[in-house]
Every structure is written in structure tokens, then in C-alpha cells.
Amino acid sequence: MAPPGPQGTTGDGAEELVRAYRVWEGSNVFCLGGRLIFGPDARSILLTIFLILAPSVVFCVTVARNLMNSFSNHWGIAIMVAFVVLTVYVLVVLLLTSSRDPGIIPRNAEPPEQEDQQHLWSRRATRIPPTKDVVINGVTVKIKYCDTCKLYRPPRCSHCSICDNCVERFDHHCPWVGQCIGLRNYRFYFMFIFSATLLCLYVHGFCWVNIVKISHSNRISIGRAMIRTPQSIVLIIYTFLALWFVGGLSVFHLYLISTNQTTYENFRYSYNRNASPYNKGIVRNFLEKFCTSIPASKNHFRAKVPKRSLIHSLSVGSSLVGSSFLMNSRREQEHEHELGKSNRMSMESDDDDSLLDKWQEKPLVN
């Protein structure tokens with residue numbers, strides 16, 4: 001039996017392999033063996049689910065049940081079924097928003113290599129230039145260097161201080177879903193808040209329908225009917241307050257989508273309609289958001305890696321994703337390096353030949 005090796009290795013000296021999510025350097029929480037990824041505040045999703053399910057159960061048990069008896073020709077059953085389907089849809093898109101990779105960019109092991117002459121920095125320099133300029137659709141945009149991830153962030157990317165990751169097309173970190181909102185889950189986030197708005201309107205409207213039905217069937221005033229169904233009054237007040245939140249968010253994000261902005265850009269920058277380099281027009285902006293394929297994750301959270309490995313080795317493709325906007329081709333750099341090396345060797349050879357000729361011409365002294 002082989003003796004135990006050093007920490008992180010097996011007895012025969014080979015490094016122990018673990019799943020990638022176990023050595024993840026961000027603050028994320030993983031479930032189901034790395035199949036689901038949440039933010040560090042993932043427990044807040046339980047509160048969100050409760051705020052959806054609690055009034056839904058009250059509506060089903062009291063209001064919808066009463067409407068099933070009040071409407072004939074199966075209309076009451078249709079009201080209940082439509083409500084259940086809408087509630088399940090809201091919960092599904094909520095989970096899709098909070099449990100998937102929002103667009104995390106893998107970290108680099110080392111800072112990006114030297115670039116063109118305008119942006120060269122010395123190896124002796126204590127700090128890499130904090131910003132670079134790139135041109136997008138004729139507009140100059142500054143991109144920043146991330147000291148944590150060791151890369152130049154692509155345009156529209158930002159580092160989330162809560163999740164401790166650089167996220168592509170970063171919108172914001174939402175505490176209600178416990179996750180960053182970015183390139184890969186923004187569509188589901190909007191579907192969540194928009195469907196939650198529809199759910200609030202649905203409950204609010206049918207609570208009033210229930211009050212009117214009670215008033216007509218008992219031939220009493222609306223006020224007396226409201227007293228007979230306090231659950232409807234509570235749900236009306238609850239959904240009215242919720243509508244200000246999810247409804248306001250839906251309207252705000254409809255505006256952001258129409259102008260192709262993110263929440264981060266809207267609060268931090270002051271693009272007008274013509275100056276934004278990302279605005280393609282209302283129709284094309286909506287098509288880009290809802291009718292394009294969602295890019296694959298750049299991380300393999302379930303890949304097996306050495307236990308002492310860092311997550312920068314887990315990226316799909318090049319790990320220098322952030323600096324790819326600025327660096328020249330490695331092949332060209334190596335070619336130039338070889339040419340320079342060849343020229344220097346040629347010059348040294350010429351100098352040696354010259355010295356040899358002079359030595360041969362010099363007369364020997366006995």
C-alpha cells in the first residue's frame with residue numbers, strides 16, 4: 001500500500017481530482033453537484049417564493065373556489081386552471097433566473113500580455129493601465145482592467161462585488177432572486193417580473209369580481225359584500241402594493257430594452273438615444289433580447305480538475321477572454337520575436353567575422 005502523499009495528491013503522487021465548483025474562487029453557492037449556481041444570498045429566493053405562494057394559496061382556497069361555484073359552464077374551473085398555470089410559470093422563470101450562470105467570465109492566471117506600441121507597459125511597472133479604449137459602432141468606449149480577475153473586461157461587463165465575478169452584459173445584482181442579472185439570464189429575469197405583474201393583475205381583478213358576485217347574489221351593497229370576504233380585501237391591498245414594485249420594474253426594463261441599455265449603464269452613464277453605441281432601434285433591440293440564442297456558459301462547473309487548481313483552468317476555450325479585444329495575435333508576436341532574434345544573431349556573426357579579419361591582418365610579433 002502506497003504511503004499517503006502531500007495534501008491534494010494521492011498515494012502514488014498523482015494530484016487528486018475534484019469537481020470544478022469545489023475550487024470556485026467566486027462567492028457563489030452550488031447545488032446538485034454543481035448543476036445549479038446561485039449567488040451568496042441564495043436564501044432570499046425562499047422569501048420570494050413565499051411571497052408568491054402564500055397569497056396564491058389564499059386566492060385558490062377562498063376566492064377562486066367561490067368563483068368556481070358562482071360561474072356556470074366551467075368558467076369557474078377555467079379561472080382556477082389559468083391561475084395555477086400562471087403561478088407555476090412565475091416560479092419556473094424565477095428558478096431559471098436564479099439558478100443558472102448569468103454570464104461569468106473565467107479568471108486569468110496571469111495579467112494579459114503586452115499589446116500594441118500605444119498600450120505597452122514595462123514588466124517593471126507596478127500597475128497595468130487601468131483602462132483601454134475600444135471603438136464600437138464608431139463610438140469610443142473605455143473598458144477597465146479587473147485586478148481580481150486579471151483581465152480587461154469586455155464592453156458592458158462589470159465585476160459584481162457580491163458574487164465576486166466579472167459578468168458579461170452586467171445589469172445588476174438582484175437580492176430578490178439571489179443572483180446577478182447578466183447576458184445569460186436577463187431574458188428570464190424580465191419574464192419573471194412581467195409574469196409576476198400579470199399574476200398580480202389577475203388576482204386583483206378577480207378579487208373585485210368575487211366581491212361583485214357576492215353583492216349580486218345576496219342583493220347587498222359592495223361595502224357589505226367586502227365585509228363578507230375579508231380575504232379578497234387583503235389580497236386587493238397586497239397585489240396593489242406589489243404592482244407598484246413588479247409593475248414599475250417591468251415598465252422600467254421595457255424602456256431599457258427599447259433603448260438597449262442595462263440598469264448599470266442607465267445609472268452610471270448618460271447615453272442619449274443617438275450616442276449609445278449599442279442602440280439598434282426599438283424593433284431590433286427587442287429582437288436581440290428575445291429572439292436570439294443564449295450563448296453557452298464559459299465555465300464547466302462539473303469538470304474534474306486537480307484539487308489545488310484554480311478556476312482559471314476551467315474556462316471553455318481561451319482563458320484570456322477579457323483581453324482578446326486588445327491583444328495582437330500570439331503567432332504574429334512569436335514571428336516578430338524570431339525575426340528579431342535572427343537579425344541579432346546575424347549582426348553578431350558579422351561582428352565576429354570582422355574581428356577575425358582584423359586579427360589575421362595584424363602582423364605577428366616574435
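Lys298 sits at 24% relative accessible area, so it counts as partly exposed (buried is under 20%, exposed is over 50%, and partly exposed is in between, using a 1.4 Å probe and protein chains only). Its salt-bridge partner is Glu168, with the closest N and O atoms 2.9 Å apart. That pair ties together distant parts of the chain, 130 residues apart: Glu168 is in the loop between β9 (165-167) and β10 (172-174), and Lys298 is in the loop between α7 (282-290) and β12 (304-306). Glu168 has 18% relative accessibility, so it is classed as buried.

A quick word on the ground rules. This is a predicted model, where local features need pLDDT of at least 70 and side-chain atom pairs count only at pLDDT 80 or more, while totals for chains, interfaces and linings use all residues. Residues are numbered from 1 along each chain as its sequence is written, and side-chain values use heavy atoms, with hydrogens and water left out.

**Overall picture**

The protein has eight helices and twelve strands. These are DSSP runs numbered from the N terminus, with helices being H or I over at least four residues and strands being E over at least two. Of its 366 residues, 41% are buried. Take the contacts (heavy atoms within 4.5 Å) with a separation of 6 or more: 63% of them join residues 24 or more positions apart. The accessible surface is about 21,700 Å², and carbon and sulfur atoms own 60% of that; areas come from the Shrake-Rupley method with a 1.4 Å probe, and for residues only the protein chains shown count as cover.

**Salt bridges**

How many salt bridges are there? The count comes to five, where a salt bridge is a side-chain nitrogen of Lys or Arg within 4 Å of a carboxyl oxygen of Asp or Glu. Among them are these:

| Asp133 | Lys142 | 3.1 Å |

Asn260 belongs to the loop between α5 and α6 (263-268), and its relative accessible area is 2%, so it is buried.

**A nonpolar patch**

Leu47, Phe50, Leu51, Trp176, Tyr238 and Phe245 make a nonpolar surface patch of about 570 Å². Patches use residues with over 30% relative accessible area and no salt bridge; like charges are joined within 9 Å, and nonpolar side chains (Val, Leu, Ile, Met, Phe, Trp, Tyr) within 5 Å. Both α1 (44-70) and α5 (230-259) supply at least two of the patch residues each, and α1 has the largest share, with three. Phe50 is in α1 and is exposed, at 52% relative accessible area.

Over in helix α2 (residues 75-98) there's Leu96, which is partly exposed at 33% relative accessibility. Leu96 and Val177 are 81 residues apart in sequence, with their C-alpha atoms 9.8 Å apart in space.

**Cysteines**

How many disulfides turn up? A search of the whole structure finds zero, a disulfide being a pair of cysteine sulfur atoms within 2.5 Å. Cys160 is in no disulfide, and its nearest cysteine sulfur, from Cys180, is 3.2 Å away. Cys160 has a relative accessible area of 3%, so it is buried. Cys291, on the other hand, is exposed at 56% relative accessibility.
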